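Hello,

Here is the structure we spoke about. Please have a look; my notes follow below it.

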Amino acid sequence: VEIQVWNVSAYNFEEIVVMQTSYGDVAAGQKSTFQYFQGAYGYAYIELLIDGKKYKIQPDDYIGAKLLSGGRYIYAIDANDSDETFRRLSMKLLKP
């Protein structure tokens, strides 16, 4: 499975990590390169910096979740204006 990060927000994202894989920085409106994963779900642990502050998406668990079938997927990540670590980011799974 290959995953790309798309920053659909108005903020620049820095030091993006998806499930322990580094994506580096992705400016507002831009996409990263695809990264390979042996297995991935429709949602994931994500952390990144906005203006030097760390924000996260932390799934409760993956119970009942199904692994994505082979192919390419996009995690479209958005950010609101909250300052709370776990409430600022949201994501949608897309198929290119």
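First a term: a contact means heavy atoms within 4.5 Å. Among contacts in the chain between residues at least 6 apart in sequence, 58% join residues at least 24 apart.

Some ground rules. This is a predicted model, where local features need pLDDT of at least 70, side-chain atom pairs count only at pLDDT 80 or more, and totals for chains, interfaces and linings use all residues. Residues are numbered from 1 along each chain as its sequence is written, and side-chain values use heavy atoms, without hydrogens and water.

The fold: the chain has eight strands and zero helices (DSSP runs numbered from the N terminus; strands are E, at least two residues, and helices H or I, at least four). The C-alpha trace spans about 35 × 25 × 20 Å along its principal axes.

Burial: 36% of the 96 residues count as buried (under 20% relative accessible area, 1.4 Å probe, protein chains only).

The core: the largest nonpolar core holds 23 residues. Such a core is a set of buried Ala, Val, Leu, Ile, Met, Phe, Trp, Tyr and Cys residues joined through side-chain atoms within 4.5 Å. Ile3 and Val18 touch the most other members. Strands giving two or more residues include strand 1 (2-7), strand 2 (13-18) and strand 7 (72-79). Strand 7 gives the largest share, four residues.

What does Val18 touch, not counting residues up to four places away in sequence? Its partners are Val5, Tyr23, Phe37, Ala44, Tyr45, Ile46 and Tyr75.

Best wishes

Notes
Buried means under 20% relative accessible area, exposed over 50%, partly exposed in between (1.4 Å probe, protein chains only).
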